[in-house]
Amino acid sequence: MQRFAQGTAQVKSSGKLSAVCFASRFSGRQVLRKIRAASLLLSVLLFPAAPGAAQEWLLRLHAARAAAVMPDWQKASQVLMTGIDGNTSFSPYLYRHFDGVVPGAVLLFGYNIGDTAEQVRAFLADCASAFRNIGTPAPVVFAIDHEGGDVYRTGRLTTRLPSARTVASTMTVREAEDLYAQAGKELFSLGIRLNLAPVAECPPEDASFLGSRVFSPDPGKTAAYAAAAVRGFQSAGVLCAVKHFPGNAGNDPHASVAVVDVPPAECRERYFAPFYAVLRGQPAAVLVSHTVFSAVDNVPFCLSAKGVTGILKGEMGFSGLVLTDDISMEALAAAGWPETKAAVAAIAAGCDMILTSSTDIRAITGALCARAAEDPVFRIRLEEAAANVLFFKQRAALLSYGAETHVR
């Protein structure tokens, strides 16, 4: 199978200590599950702030219960996003490739897109059927990069989107939202439910390889148009993963280690600020970068608990799905983070889904399971990540608990 092309608040030490103590004092996994479920239920009963919030907590409770009964190998598979070969049918050899490792999501590329919309729909339906036959606890999410401009995978099957920079310089925010809503309808009709877009970062104009993929060098303008993209796509039923939080350096992480060495104040004003604004629009997911932000930590951001758990989930209050950029990129490998090591570190840091272009997906899930077997705190974190993936699938209307499950 070919290799797929693309891809300062600290965590309080007392919080880490309490998690370790908790795991050591309550060794029974059933006790842990019941406590987590009870906590979720009490939140609904004691703090019914709004019908929408109560409904979300109940959905999360269902997802947590479902994840709790999964064996570790299924949890490790659910937190994986990988690629797939073909564009007409699920090839026989893929049954062997995915046996016991059905991923939570599949990222599509141009070579997966057939000549007609009917062919794409038939291909995705065949893949979904094959994954059910192999055995999976939940439907697979089909995702794509649909930014516009140079990042455009669907060919003639959808309306050609202009680049982010062109949109921000030629359209009003409302016109942009309408444009992305129409694009979302087209993706939805093909069976695609997740768009790894928009790019919401705002690097200095002279220090980015992203070029026209960035809406504007102005943080406020970038935030306005990125938020419009989220509203547009999600109104059509295609959920968004805004990226690449908190940003990239000037060099391409596909090719080399990336470092942003700026003071904390600039880090917040230039890099965090656009995402703060976009997150208010409740994007379903955030894709985090491999860049080292020296003001935050000395490791790539996607592997940093200070960054992912402390800032994104803690300080910024993001409760949706957090996924990595492709962990097979050189930005991680050259810094001493091979795929298996990076996957374990990313989940431990607070990420919920691992994107990889590696074909050795068993090595990655095996590393996650091995760590879970020896570390009860990591096992809890892996279960939480799997639950977040299942909640995302409920939000994407791919999964409804109480209906028939997909477990073989």
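The legends below describe close-up views of a predicted model, one view at a time. Residues are numbered from 1 along each chain as its sequence is written, and side-chain values use heavy atoms, with hydrogens and water left out. Because the model is predicted, local features need pLDDT of at least 70 and side-chain atom pairs count only at pLDDT 80 or more, whereas totals for chains, interfaces and linings use all residues.

**View 1. Strand 2 and its pairing with strand 1.** Helices (H or I, at least four residues) and strands (E, at least two) are DSSP runs, numbered from the N terminus, and two strands pair if DSSP finds at least two bridges between them. Strand 1 (residues 80–82) pairs with strand 2 in the parallel sense over two bridges, and methionine 81 stands opposite alanine 105 in strand 2.

**View 2. Strand 3 and its two parallel partners.** Four bridges join strand 2 (residues 105–108) to strand 3, the two running parallel, and alanine 105 has valine 141 as its bridge partner in strand 3. Strand 3 is also joined to strand 6 (residues 194–195) by two bridges, again in parallel, and here isoleucine 144 has asparagine 195 as its bridge partner. From strand 3 (residues 141–144), Val141 and Ala143 point one way and Phe142 and Ile144 the other way, and all are buried. Strand 2, helix 6 (residues 117–134) and strand 3 make a right-handed β-α-β unit.

**View 3. The largest nonpolar core.** A nonpolar core is a set of buried Ala, Val, Leu, Ile, Met, Phe, Trp, Tyr and Cys residues joined through side-chain atoms within 4.5 Å. The largest one has 122 residues, and those with the most contacts inside it are Met81, Ile84, Phe131 and Phe245. Helix 15 (residues 376–395) gives the most to this core, with nine residues. Leaving out residues up to four places away in sequence, methionine 81 touches a set of residues that includes Ala105, Ala143, Leu194, Leu323 and Ile354, where contact means heavy atoms within 4.5 Å.

**View 4. Serine 357 in its loop.** Serine 357 lies in the loop between strand 12 (353–355) and helix 14 (361–374). Serine 357 is buried, because its relative accessible area is 5%. Its side chain is joined to that of aspartate 326 by a polar contact of 2.7 Å, that is, a pair of N or O atoms within 3.5 Å of which, within protein, one must be able to donate a hydrogen and the other to accept it, and residues adjacent in sequence count only if both atoms are side-chain atoms.

View 5. A salt bridge is a side-chain nitrogen of Lys or Arg within 4 Å of a carboxyl oxygen of Asp or Glu. Aspartate 72 forms one with arginine 379, their closest N and O atoms being 2.7 Å apart. The pair links distant parts of the chain, aspartate 72 in helix 4 (residues 72–78) and arginine 379 in helix 15, 307 residues apart. Aspartate 72 counts as buried at 13% relative accessibility, whereas arginine 379 is partly exposed at 22%.

Definitions and conventions. Buried means under 20% relative accessible area, exposed over 50%, partly exposed in between (1.4 Å probe, protein chains only). A crossover is right-handed if, with the strands pointing away from the viewer, the path from the first strand over the helix to the second runs clockwise.
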